Amino acid sequence: MPISLTKESDVDVLIIGAGPAGLMCANALGKAGVNVRIIDQRPIQVEAGQADGIQPRIIEVFQSYGLADRLLDQAAHVHMVAFYNPGPNGGIERTSRASDVTAPTARYPFEVALHQGGIEAIFLDSMHASGVEVERPIIPTAIGMTQNGAELQDPTSHPVRVVLKNLDPSTGQSDTEVVYAKFVLGADGAHSWVRKQFNIPMEGEQTDYIWGVVDIIPDTDFPDIRNRCAIHSHNGSCMIIPREGDRIRLYIQLTDKDMVDPATGRVDKSKMGPKQLMEVAQKSMHPYKISTSHDIHWWTLYIIGQRVACNYSIHDRVFIAGDACHTHSPKAGQGMNASMNDTHNLAWKLAYVLRGWSDISLLKTYESERRKFAQELIEFDKVFSKQFSEKPTTEISEDGVTHEQFLTTFQTFGGFTSGIGVHYTPSLIVNTTHQSYASKLIIGQRMLPHEFIRAADARPIELHDMLPSDTRFKILVFAGNTADKLQLKRLSALAVELGKPDAFLRRFSRGALDTVFDILCISSANKEEASHLDIPELFRPHWSKVLLDDVDMYRRSRAGGGYDYYGVDPHGAIVVVRPDGYIGTVAPFEHLDDINQYFASFMLAPVL
């Protein structure tokens, strides 16, 4: 029997919900050395089903945490999409094939698919290395926050009180704990308890579109079973996603409104099961055959809802993320991706405030950046899910969606659905004043990948591999042609200015310069002339930090042409990349003060 003694504790960040959004945040904060706890009501991690598609930008984010290799090794890679529409003989026929991803700047120009449990396992193992574990099965039963304004503005205070209940306590262990937290993150899903406790409304609506999902190992003569497929038929729409191993996922449109429970507005699973879902899929895919001789791995039913929370935070002390603040259809593979990008955006900001590096006002940019994205996502999803769920246009029915319309939507929004085109608008941490000095590096978007060669040994290097998610700002000094004496003199003068105590590099550093800032120098000099030792010491903290915009020795990589690809002024520029990989600002050498002011707007100088 559990005992009645109540334990009390405090923590910097308490995360409620150990799905992808919560785990992304816990992993990032654990690596940053933050005192973080994460709880979940499930007794064990997800082992089947749930979300499964990973878009190109999230693969880049995984890479920045050192997690992409395992993801790419375990997941199915999806390179091509096939479109099927009604044929002349009553069944479906292939209309066209196309690239699954329309995002020319993607480092990984494809999707990958792995069941959510596999994705969560990658995070759990990484967290374990940082000493962070998910505590299960635990639920919150009460939450409150002080109304004292001074306390809310003090980042060292613990203004949030959460009561936790252990659903399976050990013998002699209390089943109740009171946690005092500096910050709380509700990553607890579409029916978020945290959101409801603070009466945060969701804006939007629920559609009439009902879909079923089933994960199977198929027996089929369908020729595109290992490609992503969008199928419009007279018997409803269907989508196929290839999965790890021999498994696939089927999304199947349903039309029976009687499956909806009028009391809850949710689908009643007792009225439709996996056997019936497979029967509907067979009708939609006629004349091809599809069945399974294996056990159904997972299945579910859902109604498409398209909503976004009115607020993402309460006094910048309690936050919600992922499905807790935006819901939409899974057709474009955005749910889990948007959720993980939410907390990738939030984690470094929490770390900065907790360390005393930034003012607490930095946290306001979480809602301003991520809620705007969610609103754009909902608008896209309304178009995409409507077209996917509508009947196809035929000679008999001219009111449906044409293949050309659907393909145009699919390709036009490729930059958005891939995550590559996410664009944060001007704010404390996005300043576009000098955009022209790196015209193709769009300030507010993620840093473009490109290969350069290392000056010291001519080894080809992907720049993204030099930009890990380690909470540091990356200062990219595009030095111009350092083989030119006049340009080298300008670079040396910049080093003198940047090395002064009142410049941002020393003003906001904590101890060693590389604690907060990581400097990379990229010269446009060719490899036959350049020496990394020519670069001022401030811009070469290590021999590996000097790169050249030149082809590699054997032209086996895509190195070279980086200045043109980025639109960087040949006289040089400074590009500031935020800890989450997004470009914060750009400036020419002569406007170093503008970068000083950029950092001064949200960072705190150490008290001497």
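Leaving aside neighbours within four places in sequence, Leu14 is in contact with Arg37, Ile39, Val162, Leu164, Val179, Ala181, Phe183, Val184 and Leu185. The model is predicted.

User: Which residues have the most contacts inside the largest nonpolar core?
Analyst: The largest nonpolar core has 78 residues. Beyond its neighbours within four places in sequence, Leu14 touches residues including Ile39, Val162 and Phe183. Those with the most contacts inside the core are Leu14 and Phe62.

User: Which helix gives the largest share of this core?
Analyst: The core in question is the largest nonpolar one, with 78 residues. Its largest share is eight residues, and they come from helix α8 (residues 335-355).

User: Why do the buried residues of α15 line one face of the helix?
Analyst: The buried residues of α15 (592-600) are Leu592, Ile595, Asn596, Tyr598 and Phe599. Seen down the helix axis, they line one face because they fall within an arc of 155 degrees.

User: Which exposed residues does the face of α15 turned away from its buried side carry?
Analyst: The buried side of α15 packs against β24 (473-480), α12 (485-498), α13 (504-507), β25 (517-523), β27 (573-577) and β28 (583-587). The face turned away from that side carries the exposed residues Asp593 and Gln597.

User: Which strands stand at the edges of the open sheet of three strands?
Analyst: The strand order is β3-β7-β4, with antiparallel pairing. An edge strand here has a single partner, so one of its sides is left without a neighbour in the sheet. The strands in that position are β3 (53-54) and β4 (76-78).

User: Which residue of β7 stands opposite Gly53?
Analyst: β3 pairs with β7 (residues 111-113) in the antiparallel sense, over two bridges. In β7, the residue opposite Gly53 is Ala113.

User: How many disulfides does the structure hold?
Analyst: A disulfide needs two cysteine sulfur atoms within 2.5 Å. For Cys310, the closest cysteine sulfur is that of Cys325, at 12 Å, which is too far for a bond. The number of disulfides is zero.

User: Is Cys325 buried or exposed?
Analyst: Buried means under 20% relative accessible area. The value for Cys325 is 0%, so this residue is buried.

Note on methods:
Residues numbered from 1 in each chain as written. Predicted model: local features only at pLDDT ≥ 70, side-chain atom pairs only at ≥ 80, totals over all residues. Heavy atoms only, no water. Buried < 20%, exposed > 50% of the residue type's maximum accessible area, 1.4 Å probe, protein only. Helix = DSSP H or I, 4+ residues; strand = E, 2+ residues; numbered from the N terminus. Arc of directions from axis to C-beta. Contact = heavy atoms within 4.5 Å. Pairing = 2+ DSSP bridges. Core = buried A, V, L, I, M, F, W, Y, C linked by side-chain atoms within 4.5 Å.
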